[in-house]
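Here are my notes for you to read alongside the sequence and the model. Take the points in order and keep the 3D view open.

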Amino acid sequence: MKYRLLLFYAVMLLFFGFRATAQTNGERPKIGVVLSGGGAKGFAHIGVLKVIEEAGIPIDYIGGTSMGGIIGGLYAIGYSPDTIEAMIREQNWDAVLKDELSRNEITMVEKNLDGKYFFSLPFRNKKISLPEGMVSGQAVYDLLSYFASAELGKQDFLKFPTPFLCIATDIET
């Protein structure tokens, strides 16, 4: 209940700020939405997008990081919040986030090593280094490539139906 009230106030603030600016100079201001990270909590962004659309507030730009980047990216290429919600509900997230290949997709040598060690660290330039993330991301990449295949050739996110910005950080540097 607390989050719904907070969401309501945020949308009202955005809506009334939009109306006040539009009335002062006669033209509609550009509206950008930025979605934060937060793993599975990031799925709440779908509800935010639904409320913004229901309020009739147009989104001219969208951006995000981590899960907010995924939700924002899907919205930017033209998926509606309802469609994004349906896609998310259909996924087996345990399998996607484990990022493991099935046993029939790995070599015999890898099968012998599979599950032998608690964790492993990657080697780069003959040195032990930190992993690039909690999950290597191949299954997430495959999933997003499938849903974003219509826009896959575009190199400029600003040319999506809704211009999109995505933010990332290299934790090592």
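1. Among contacts between residues at least 6 apart in sequence, what percentage join residues at least 24 apart? In this protein it is 69%, where a contact means heavy atoms within 4.5 Å. Before you go on, note that this is a predicted model, where local features need pLDDT of at least 70, side-chain atom pairs count only at pLDDT 80 or more, and totals for chains, interfaces and linings use all residues. Residues are numbered from 1 along each chain as its sequence is written, and side-chain values use heavy atoms, with hydrogens and water left out.

2. Start with the parts list. The protein has seven helices and five strands; these are DSSP runs, with helices being H or I of at least four residues and strands E of at least two, numbered from the N terminus.

3. Of the 173 residues, 25% are buried, meaning under 20% relative accessible area, with exposed over 50% and partly exposed in between (1.4 Å probe, protein chains only). The protein exposes about 12,800 Å², and carbon and sulfur atoms supply 60% of that; the areas come from the Shrake-Rupley method with a 1.4 Å probe.

4. Have a look at α7. Its residues Val 140, Leu 143, Ser 145 and Phe 147 are buried. What do the buried residues of α7 pack against? They pack against α3, α4 and α5 (93-98).

5. Closest to its centre, out of 13 lining residues, are Ile 70, Leu 74, Trp 93, Leu 143 and Leu 144. The elements giving two or more residues to the lining are α3 (67-76), α4 (81-90) and α7 (138-147). On a 1 Å grid over the protein atoms alone, a cavity is a set of points where a 1.4 Å probe fits but cannot get out, and lining residues have an atom within 4 Å of a point.

6. On to the rings. The whole structure holds five aromatic pairs: rings of Phe, Tyr and Trp (its six-membered ring) with centres within 6.5 Å, called stacked if the planes are under 30 degrees apart, edge-to-face if over 60 and tilted otherwise. Tyr 79 and Phe 147 are edge-to-face, because their centres lie 6.4 Å apart and their planes sit at 90°. This pair links distant parts of the chain, with Tyr 79 in the loop between α3 and α4 and Phe 147 in helix α7, 68 residues apart. Tyr 79 is partly exposed at 23%, whereas Phe 147 is buried at 14%. Ring pairs also link Tyr 79, Tyr 146 and Phe 147 into a cluster.

7. Finally, compare another pair. Phe 160 and Phe 164 are stacked, at 6.4 Å centre to centre with 15° between the planes. Phe 160 is buried at 10%, and Phe 164 is buried at 5%. The C-alpha atom of Phe 164 is 9.6 Å from that of Val 34, 130 residues apart along the chain. Val 34 sits in strand β1 (residues 32-35) and is exposed at 65%.

Technical notes. On a 1 Å grid over the protein atoms alone, a cavity is a set of points where a 1.4 Å probe fits but cannot get out, and a pocket is an open set with protein on both sides within 12 Å along at least five of seven lines; lining residues have an atom within 4 Å of a point.
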